[in-house]
Amino acid sequence: MTKITPGATIGILGGGQLARMLALSCAQLGLKTHIFSPVADDPAFDVSAKKTQADFLDESALNDFARSVDIITYEFENVPARTAQVLESLRPVRPNPKVLALTQDRLIEKQFIRRLEAQTAEFSNITDIHSLKQALNLIGYPSILKTRRLGYDGKGQAKVTDQTDLEQVYASFNGADCILEGFVNFSKEISVVAARSLDGMFSAYDICENVHENHILSTTLVPAAIKESTAQAAIHIAQKIAEAADYVGIFAVEMFVVGAHESLIINEIAPRVHNSGHWTLGGAVTSQFEQHIRAIAGWPLGSTQRLGVKVSMQNLIGHDCEQWNKLLSSEGSLHLYGKKESRPGRKMGHFTKIHL
Ligand code: AMP
């Protein structure tokens, strides 16, 4: 298994803020980066000496990219299977692309989680309006209809209540493969951000408590206000997932906490650095970005120790970033992603506060 040394080049698929923060960590560790993204003004291009702007299915560009780097990683889970196949034949791709197949499809992901004896919401595969009606009979109202693939931040989802015009909602999914999920009446949303190294060491950060607005992460507070036994159970599930997937790198597991007993229901696995882990940049000894690079490089993992009694991270979404000047005068650290245009729902930056 290839381990690299300082001076090596990490190829990163995707050029958004996650790739940008990964590239900055590479620079800190004396590594070079090469960003591959189809989007000309992606923010990671600004912080990397080598860049390729090409389609993810452009095999000639993928070949040149792979040959110019030592190992390859990605900032998003929707890397096309063919892209991963081409790259894997030339250089180590970490995390191992088999995990993409597990996490790109909500049905396969939930089946995988259940096999590990962890809980998910009730779910059913939906192939047509009849299977939707049958699933509703079993799962009941309210439920959430979700596309199996390519949904994020609440996109590709619709809540179904007994008032919903089923035919109309199903038609709005344009025949996409879907699942129906039971609605979980959670008291909290949490996530485990953790890493597994090339030699199988596992290390998790403190549990994050996440608040979403309009399905988009708004704030993360660490540590989550949950029982110690719940935190340990959440970390145990994350470790089982990492081991079963032979995972290398940072990943996040999003969970719902339910009832006074704080049962855990797994919502999603993200095979990458994650928005709920942004607090670690300044809020922990090793940021999730550095930890990811250490893991995929084959280096020892760093300390996940939190640096304050509490750490909070607020996402700056859309016009929120116009407060940059005001935020600079308040206590905390401002991170702006350098995106040219702010649009509603677009993640423009974040602000971290360490409560000593
Ligand atoms: P997702 O795209 O699946 O991560 O969903 C985005 C957000 O929608 C989650 O963070 C929850 O706030 C909410 N959500 C998703 N699935 C469910 C569910 N089965 N029950 C209740 N809320 C959900």
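**Overall size**

I started with the radius of gyration. A compact globule of 356 residues would have a value near 21 Å, and the protein has 20 Å, so the two agree. I note here that the model is predicted. Next I looked up the extent of the C-alpha trace. Along the principal axes it spans about 60 × 50 × 40 Å.

I then took the surface. The accessible area of the protein comes to about 15,900 Å². Carbon and sulfur atoms hold 50% of that area. Of the 356 residues, 56% are buried.

For the fold I counted elements. The protein has 11 helices and 17 strands. I also checked how far contacts reach along the sequence. Of the contacts between residues at least 6 apart, 61% join residues at least 24 apart.

**Ligand site**

I turned to the ligand. How many residues surround the ligand? I found 17, and the closest are K146, Q157, E181, V184 and E189. I sorted the shell by residue class. It divides into 5 nonpolar, 6 polar and 6 charged residues.

Which strands each supply at least two residues of the shell? I listed β6 (143-147), β8 (178-182), β13 (249-258) and β14 (263-270).

For E189, a side-chain N or O atom is 2.6 Å from an oxygen atom of the ligand. For R106, the corresponding distance to a ligand oxygen is 3.0 Å. For E268, a polar side-chain atom lies 3.2 Å from an oxygen atom of the ligand. I then checked burial of the ligand. Taken alone, the ligand exposes 470 Å², and the protein buries 94% of that.

I went through the backbone next. Most peptide bonds are trans, and most residues other than glycine have a negative phi. I noted two cis bonds to proline.

- Y141 and P142 are joined by a cis peptide bond, with omega about -15°. P142 sits in the loop between α6 (129-139) and β6. I recall that β6 also supplies at least two residues of the ligand shell.
- V222 to P223 is also a cis bond, with omega near 0°. P223 is in the loop between β12 (216-222) and α8 (228-244).

**Positive phi**

- H215 has phi near 70°. I placed H215 in the loop between β11 (208-213) and β12. Is H215 buried or partly exposed? It counts as partly exposed, because its relative accessibility is 49%.
- D246 has phi of about 50°. D246 lies in the loop between α8 and β13. Its relative accessible area is 47%, so I logged D246 as partly exposed.

**R272**

I finished with an arginine. R272 lies in the loop between β14 and α9 (280-283). Buried means under 20% relative accessible area. R272 has 15% relative accessibility, so it counts as buried.

What does the side chain of R272 make a polar contact with? I found the side chain of E77, at 2.6 Å. I then listed what R272 touches, leaving out residues up to four places away in sequence. One group is Y74, E75, F76 and E77, and another is Y247, I250, F251 and A252, with L18 on the list as well.

Note on methods: Residues are numbered from 1 along each chain as its sequence is written. This is a predicted model: local features need pLDDT of at least 70, side-chain atom pairs count only at pLDDT 80 or more; totals for chains, interfaces and linings use all residues. Side-chain values use heavy atoms; hydrogens and water are left out. A residue is near a molecule or strand if one of its heavy atoms lies within 4 Å of it. A polar contact is a pair of N or O atoms within 3.5 Å; within protein, one must be able to donate a hydrogen and the other to accept it, and residues adjacent in sequence count only if both atoms are side-chain atoms. Accessible areas come from the Shrake-Rupley method with a 1.4 Å probe; for residues, only the protein chains shown count as cover. Helices (H or I, at least four residues) and strands (E, at least two) are DSSP runs, numbered from the N terminus. Ala, Val, Leu, Ile, Met, Phe, Trp, Tyr, Cys and Pro count as nonpolar, Asp, Glu, Lys and Arg as charged, and the others, Gly among them, as polar. The radius of gyration is taken over C-alpha atoms; the globule rule is 2.2 Å times the number of residues to the power 0.38. Buried means under 20% relative accessible area, exposed over 50%, partly exposed in between (1.4 Å probe, protein chains only). Contact means heavy atoms within 4.5 Å.
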